[in-house]
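Please read them with the coordinates open.

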Amino acid sequence: MSNVYVADKPSAAREGRPSGRLLEVEDLRVEFRTRDGVAKVINGVTYHVDAGETLAVLGESGSGKSVTAQTIMGILDTPPGFVTGGEIRFHGKDMLTMSAEERRRIRGEGIAMVFQDALSALNPVFTVGFQIAEQFRVRRGMSRRDAKKRAAEMLDQVKIPNAKQRVNEYPHQFSGGMRQRVMIAMSLALDPEVLIADEPTTALDVTVQAQIMDLLGELQRERQMGLILITHDLGVVADVADRIAVMYAGRIVEEAGVYELYAKPAHPYTIGLLESIPRIDEKGQQLRTIRGLPPSLLRIPTGCPFHPRCPMAQPVCAEKVPPLLQLGSTRASACHFAEELVKRD
Amino acid sequence: MGRYVLRRLLQLIPVFFGTTLLIYALVWAVPGDPFAGKCGDRACPDSYVQFMTEKYHLDDPWPLQYVFYMGHLLTGDFGQTFGGRDISEIIAQAYPNTLKLALVGLIIEAIIGLTAGVLTGLRRNGFLDNLVLVSTLFLLAIPTFVSGFLLQFILGVQFKIIDPTVSSEARFSELIVPGFVLASVSMAYVARLTRTSIAENSRSDYVRTAVAKGLPQRRVVGVHLLRNSLIPVVTFLGTDLGSLMGGAIVTEGIFSINGIGREVFRAITTKESATVVGIVVVLVMVYLLMNLLVDLLYAALDPRIRYE
């Protein structure tokens, strides 16, 4: 994997981490009750993020990474989605048992979210200034004028040129990249401790993607936020993430530091993902893919959900669900053969 | 924006000529003799018929009559009835009553329709939703002349809560029941349109964003959801004022309101073509101006729409 560039950046997480975890998801279970049956979308997801740390959640579409984020935010559509188990602890307190009012107060100030498609996520009939300023007005009791001024400052912080004028414009008057900056400015308005970015660059073209990722990384370091970066793009995460959690069929199948994961993946699915990145030195050859399709969540395969697609599958894989086991102090993998994979050279 | 309004106003000119020509031709095509029964039991004297025929150009082909008529109209002269009454006087008397009736109807329609639509759109498939669904079906299915006579009989005759007929001043309080009857079908439309619009928009991404921002529920609904959902409803309400005025003929008849519906009906039966055209011309202008107003309102409500 030497061809994958990994930035050797100092992790802010190692300096002055508070004693308790900032945000922890533990054994979360979510199902969607549809007409066709019950789809088990999240099947025991456990991850955490601390202040000043970036966790990348990686997975194909349908792996449950966005649903986990929506459940944390409390914006899961119910019905059809129902939380059937687990805990989501913010500063050690389970949010799933909180009152609706308590949860609302956490949104925006404790945990905020950046959505994938800023055009549909922003309200088309209000100016961006109004949409940012209303948080200051509703949550901080600021006057209309002060809130507007703060909104312009927020736009300035995400490096939108002419922020003072553009604050009066509507979302459709911004380009895709600028719109995503507006979205980021809006999510950061109340200075959240955790920011969840759900595929923030998927709808953008490649040069803009890099700018937005840089901006997110910069803001995260400045503000010492915990950042959960949801993506299906391995290229996006390498520069900014501290740790990576790989999801498959509503489970975490591997979790490791970004360097460890790229250097020596400990799950066949992660290996497949890394191998499917197009490589410049293999130009002209066919792209490598993971054979088969992600399973239907209505009928998740028995045992390890990845076994029908796994090149290493053994009879045991179809029978026993491999638990997410620690491999050393910093990484974990849910594969029966994880230790062999790590030892292999 | 100014240029757009100007262009729209200029467009009114051909529409104005087209509609008046059409109405003129239609009234002319109605069979009958304008002087039948004009002079009591006996036939009108030839001298009178000849005088009137000349005065009103009745022997000329109708397109020529139309040209004469328009010539007068453009100088502000609506002409006279065969009885010698100024048509502008009839219009000035009848229009305020119809406008009042239509406005009362529009207000009732907006308040009840919007409230029902918002409540059911937010809580779909509940008891209220089903209740509104059934009652809107009723309103849509019952014709105005049935609901009008029914309410007049029950409220006016049986329980004597209201006067069965409206007095000549047509006070607003008297117009509540007739206004309800007039607007009942539109009210059902408004309720359903609002419900659909609210239901659709409540699943939209920007509503989810508003929730994720930690805004209170009443602000999410009252500001973010409502503003977007009301755009189609407001435009419907705007155009509906014209329809209500034009459709008031049955309601005016039932509650004997002195409005344009009655005047038009009387003018058609007596073949007073100038009166019919005069009243309808004003109605057409109201309709066209309301349409323009709605289009401008649309741009004000939705910043993505700009008229250049």
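1. Two residues are taken to be in contact if their C-beta atoms, placed from the backbone, lie within 7 Å. On that basis A:I228 touches A:V49, A:L55, A:V57, A:A69, A:V194 and A:I196, leaving out residues up to four places away in sequence.

2. On conventions: this is a predicted model, in which local features need pLDDT of at least 70 and side-chain atom pairs count only at pLDDT 80 or more, while totals for chains, interfaces and linings use all residues. Residues are numbered from 1 along each chain as its sequence is written, and chains are lettered from A and ligands numbered from 1 in the order in which they are written.

3. A residue is buried if 20 or more other C-beta atoms lie within 10 Å of its own, exposed if 12 or fewer, and partly exposed in between, with C-beta atoms placed from the backbone. In soluble globular proteins, nonpolar side chains tend to be buried together.

4. The domains of chain A are domain 1 (18-110 + 194-278 + 287-295) and domain 2 (121-189); the bounds come from an automatic or database domain assignment. Their centres, taken over C-alpha atoms, are 26 Å apart. In the contact between them, 12 residues of domain 1 meet 11 residues of domain 2. On the domain 1 side, helix 2 and helix 8 of chain A each supply at least two residues, and helix 8 gives the most, with 6 residues. By class, this side has 9 nonpolar, 2 polar and 1 charged residues. Helices (H or I, at least four residues) and strands (E, at least two) are DSSP runs, numbered from the N terminus. Ala, Val, Leu, Ile, Met, Phe, Trp, Tyr, Cys and Pro count as nonpolar, Asp, Glu, Lys and Arg as charged, and the others, Gly among them, as polar.

5. Which elements of chain A give two or more residues to the side that touches chain B? The contact takes 21 residues from chain A and 18 residues from chain B. The elements are helix 2 (100-109), helix 3 (118-121) and helix 4 (128-140) of chain A, and helix 2 has the largest share, 5 residues. The chain A side has 10 nonpolar, 5 polar and 6 charged residues.

6. Backbone geometry deserves a check. Most residues other than glycine have a negative phi, and most peptide bonds are trans. The bond from A:T78 to A:P79 is cis, with omega near -15°, and a cis bond also joins A:P79 and A:P80, with omega about 10°. A:P79 is in the loop between helix 1 (65-73) and strand 4 (81-90) of chain A.

7. A:H91 has a positive phi near 55° and is in the loop between strand 4 and strand 5 (93-94) of chain A. With 14 C-beta neighbours inside 10 Å, A:H91 counts as partly exposed. A:E199 has a positive phi of about 45° and is in the loop between strand 7 (194-198) and helix 8 (206-223) of chain A. A:E199 counts as buried, with 20 C-beta neighbours inside 10 Å.
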